[in-house]
Amino acid sequence: MSVMYSSITKKIWMSLMGLFLMIFLVVHLGINLLLLFDPTRELFNVVAHFMGTNPIIQIFQWVLFAGFAIHIVLGITLQIQNWIARPKGYKVKASSEDTFFSRYMIHTGIIIMIFLIIHFANFFFKAKIFHSIPEFILNGVPTGMEDMGILVVQLFQLPEYVIGYIVALLILGFHLDHAFQSAFQSLGLSHKKYTPFIKGLGHIYSIVITLGYIIIPLFIYFTK
Ligand code: HEM
């Protein structure tokens, strides 16, 4: 009973952290899309500078890291518990409720985790640890801000990076498609009447997020 209870507690924490990460993905996408609307990169750099220096956002950033850490550790733990509970080689017949993506949450999750490490090395570490981002010069005038935008533009000129990014985002989309409705279920918010609506919302969310992020490298690669 205690094992079951703790599994349920883990699921609840996992879903809350997952939903929190989903909100973060929307905010992050909104900021990234600024790059498409302002070729000078001023808009993007001003917002990136704000996000990188505002004290409240700096605190919030640690909440976000904690959210990722909790989600990942619980996801891996729950999966290991599942593998131990279910003898190896024993194939459970997929129920009609099982979607294709639901069976690969740990696999898509681990690929996202690898993507996150690369993403951090490329952006966060360069900005926060190595301080290796050039200063943003606007119309010949130094602005005192880092040119985060040029970093994105340079990376998205490499075809291997663009392809890797798109593949990672498609995999994130698969994770999110199942995750959305699964989170509601874990929180006990499932209902014959509303579940199809939540599933539909999950499809829309994952498609919008995936396409929204993918458009950025494609736009930069083909226009810059
Ligand atoms: C931005 C990134 C991510 C978001 C927005 C996200 C979101 C979610 C959400 C909302 C769920 C549903 C939770 C539930 O069923 O109660 C979920 C499930 C899951 N996530 Fe993530 N996730 C992300 C990254 C990751 C990473 C990096 C891992 C690494 C291992 C991971 C592993 C899992 C696993 C294994 C499940 C299934 C848990 C289960 O069904 O018991 N996720 N994710």
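**Figure 1. The two sides of helix α2 in a predicted model.** The face of α2 that is turned away from its buried side carries Phe50 and Thr53, both exposed. Phe44, Asn45 and Ala48 are the buried residues of α2. They lie on the same side of α2 because they cover an arc of only 90 degrees around the axis, the arc being that of the directions from the helix axis to the C-beta atoms. An α-helix has 3.6 residues a turn, so residues three or four places apart point the same way. Helix α2 comprises 12 residues, 42-53, and reaches 16 Å from its first C-alpha to its last, close to the expected 16 Å; the expected span is 1.5 Å times one less than the number of residues. This is a predicted model, in which local features need pLDDT of at least 70 and side-chain atom pairs count only at pLDDT 80 or more, while totals for chains, interfaces and linings use all residues. Residues are numbered from 1 along each chain as its sequence is written.

**Figure 2. Val47 and its contacts.** Val47 is found in helix α2. With 16 other C-beta atoms within 10 Å, Val47 is partly exposed. Leaving aside residues up to four places away in sequence, Val47 touches Ile31 and Leu34; two residues are in contact if their C-beta atoms, placed from the backbone, lie within 7 Å. Val47 and Tyr213 are separated by 166 residues in sequence and by 17 Å in space, C-alpha to C-alpha.

**Figure 3. The surroundings of the ligand.** The ligand is surrounded by 25 residues, of which the closest are Ser15, Gly18, Gly75, Gly109 and Ser186. The shell divides into 15 nonpolar, 9 polar and 1 charged residues. Here Ala, Val, Leu, Ile, Met, Phe, Trp, Tyr, Cys and Pro count as nonpolar, Asp, Glu, Lys and Arg as charged, and the others, Gly among them, as polar.

**Figure 4. Bends in helices α4 and α6.** Helix α4 bends by about 40 degrees at Phe120. The bend at a residue is the angle between axes fitted to the seven residues ending there and the seven starting there. In α6, a kink of about 30 degrees is centred on Ala179. Helix α6 has 28 residues and reaches 39 Å from its first C-alpha to its last, close to the 40 Å expected. After α4 comes His131, with a positive phi near 45 degrees, and just after α6 Gly188 takes a positive phi of about 80 degrees.

**Figure 5. Two loop residues with positive phi.** Arg41, in the loop between α1 and α2, has a positive phi of about 70 degrees although it is not a glycine. Arg41 is partly exposed, with 19 other C-beta atoms within 10 Å. Asn139, also not a glycine, has a positive phi of about 50 degrees and lies in the loop between β1 (135-138) and β2 (141-146). Asn139 counts as exposed, with 7 C-beta neighbours inside 10 Å. Helices (H or I, at least four residues) and strands (E, at least two) are DSSP runs, numbered from the N terminus.

Terms used
Buried ≥ 20, exposed ≤ 12 C-beta atoms within 10 Å, placed from the backbone. Near = placed C-beta within 6 Å.
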